[in-house]
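Please keep the sequence and the structure open while reading.

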Amino acid sequence: MNYKTNYMSNYHIKHLEEYYQVYRKSIREPENFWEEVAEEHFMWRKKWDNVLSWDFSKPDVKWFEGAKLNITENCIDRHLVTRGEKTAILFEPNNPDEAAEHITYNQLYERVCKFANVLKAEGIKKGDRVCIYVPMIPELAISVLACARIGAIHSVVFAGFSSKALSTRINDSDCKMVITSDGSYRGSKAIDLKGIVDEALENCSGVKSVLVAKRIHSDIEMKAGRDKWLQPLLDEASSDCKAEIMDAEDPLFILYTSGSTGMPKGMVHTTAGYMVYTAYTFKNAFQYKENDVYWCTADIGWITGHSYIVYGPLLNGATTVMFEGVPHYPDFGRFWEIIEKHKVNQFYTAPTAIRALAKQGNELVDKYDLTSLKVLGSVGEPINEEAWHWYNDNIGKKKSPIIDTWWQTETGGIMISPIPFVTPTKPTYATLPFIGIQPCLMDENGNELKGNQVDGRLCIKFPWPSIARTIWGNHQRYKDTYFSAFENKYFTGDGALRDEVGYYRITGRVDDVIIVSGHNLGTAPIEDAINEHPAVAESAIVGFPHDVKGNALYGFVILKDFGETRVHDNLRNEINQIITEHVGPIAKLDKIQFTSGLPKTRSGKIMRRILRKIACKDISNLGDTSTLLNPEVVQEIIDNAL
Ligand code: WT7
């Protein structure tokens, strides 16, 4: 076994010239480049036979084929000699009066091994799918790593999702087990998570066992033969667990993301490429140095948390903060209080949080000492100029660069981002491609737009190590969604422009996905939920600008009986209630307009473009509506717009 401790030192990009040099090498000789990174910085049980094979037309991508490894040996075991007593996970509870918990690498090793042994004792084997529906408590990170330890495929479902969303995801990937907790704390609220799991499992016959962590100590029902408290099992378990040796391309996890139509897509990430890319990007995008304290405020239920709370930081032997609560509890100063308390050096959050906090003014910011901060990150949606400046001026005090990191669940890691202290930043620009990433912009006819000062659809021309390999159970859909719009290219679904120096600015989705508070919401599942309401005949959802959430949802709803006598406000509440049950509270509509019809093409497709313009109060140029099946409805919708 090969314990390298001084890894990454050569791979710390320090100035712009070096960025261009390394970037050019990574593009000209991608295989040599990634082989060197992989060679020097990780612990392999066996090295690869082949660095890369790929064919976007199938699509088929394989990195480090033939290699054997376990990612948890790289996240934990490898650090024990030099960093055993260093804090790996720093848990900050919801309640500021509850003590923070420092979990060292030694302790993390023990806790992951114990958990892995419990999974094994419950019959979980390599390749089995385990659903993790746990709030932001240490057990969430530990259960993720415990699955990886034994080669089980984790499928984390954000613990804010509804029981229906949960059961859909459990069934789609045939999970055998669910890991959850008795409940969760979010600000002043306690949420009955186990009740949601019970409801979901009424529709999931494949789930044989449920492990329950104690968090809120509520009195919950435990179903005999199915549900078990986690702690007594952990107490009994051995604190050593041999890591399952995985192939480079064995699936590591499934994570669901919304599409513009249909079911959520279970994106499959595999082991070696994901490891190499998340480790490398974490190190460089955050300029992480030994003894820094790094904090990403995302939830591990999203890809940001997978790659940049758990895997990326731990692969670098970092200290990663895990925060259970919300930015406004007990008040809007909580983030700043935590930065002061733990002397956070790198802080990574979402534009929606920045906007919400900026609205509160600076009194709560100025109360705290933020001088520890070195790097500020932003992710999840475009950051508008005002929020960028507020973040830069008041949080970073104009000395901590903002890295606006563009990437996706599908890309596994950061794709376009400044490197702090290296790439000069520019408000609202994600700037330059990361090392190894070859973006391009395409016009609607499928031609690549060369040169600068162009805008088009953002694609990627060449595979990178952490690209998702497929959609669980539906490779055809993977191909159709990402590889059929433009030949031989991965299509991101985003529009972007490239400025005169080659910086990229992401302009937003060009499909029917709407990003609300950084959450990726497909219109289809929300419309399906609304249509479940007995009074509803049809509906269409579009986004409109919102000063905190980025976008909010506007629903156009046709009632079965337009003369419906019930009070419309009640109906609006009922519709939002159904959405909460089917999708989750994040998908609630801010505006609901009842209408007698929706603008449709002659083939019956709803013209969302028109609805979007009306919702955005931009009706000066609706384009040609004469080809609509029912052009008269447009005026009615405009007249009644909210
Ligand atoms: C979509 C992916 C990547 C983790 C969180 C979201 C949008 C993401 C940015 C950014 C502009 C961004 C894109 C992308 N997005 N980061 N820095 N600037 N837009 O992951 O849920 O898979 O969503 O989020 O539209 O396609 P996701």
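A nitrogen atom of the ligand lies 2.7 Å from an N or O atom in the side chain of Asp 404, a polar contact being a pair of N or O atoms within 3.5 Å. A ligand nitrogen is also placed 2.8 Å from a polar backbone atom of Thr 405, and an oxygen atom of the ligand is 3.0 Å from an N or O atom in the side chain of Asn 520. Of the 550 Å² of accessible area that the ligand has on its own, the protein covers 95%, with areas taken from the Shrake-Rupley method and a 1.4 Å probe.

These distances come from a predicted model, in which local features need pLDDT of at least 70 and side-chain atom pairs count only at pLDDT 80 or more, while totals for chains, interfaces and linings use all residues. Residues are numbered from 1 along each chain as its sequence is written, and side-chain values use heavy atoms, with hydrogens and water left out.

## The shell around the ligand

The ligand is surrounded by 17 residues, and the closest are Asp 404, Thr 405, Thr 409, Asp 494 and Arg 509; a residue belongs here if one of its heavy atoms lies within 4 Å of the ligand. The shell divides into seven nonpolar, six polar and four charged residues, where Ala, Val, Leu, Ile, Met, Phe, Trp, Tyr, Cys and Pro count as nonpolar, Asp, Glu, Lys and Arg as charged, and the others, Gly among them, as polar.

## Backbone geometry

A cis peptide bond, with omega of about -15°, joins Lys 58 and Pro 59, and Pro 59 sits in the loop between β1 (50–55) and β2 (60–65); strands are DSSP runs (E, at least two residues) and helices likewise (H or I, at least four), numbered from the N terminus. Phe 64, which lies in strand β2, has a positive phi of about 60° although it is not a glycine.

Another cis peptide bond joins Tyr 329 and Pro 330, with omega of about -5°, and Pro 330 is found in the loop between β17 (319–323) and α12 (334–342). Most residues other than glycine have a negative phi, and most peptide bonds are trans.

## Confidence

The protein chain averages a pLDDT of 94, and 97% of the residues score at least 70, pLDDT being the predictor's confidence in each residue, from 0 to 100. Over residues 1–10, however, pLDDT stays under 50. Where pLDDT is low, the predicted coordinates should not be read in detail.

Key:
A polar contact is a pair of N or O atoms within 3.5 Å; within protein, one must be able to donate a hydrogen and the other to accept it, and residues adjacent in sequence count only if both atoms are side-chain atoms. Contact means heavy atoms within 4.5 Å.
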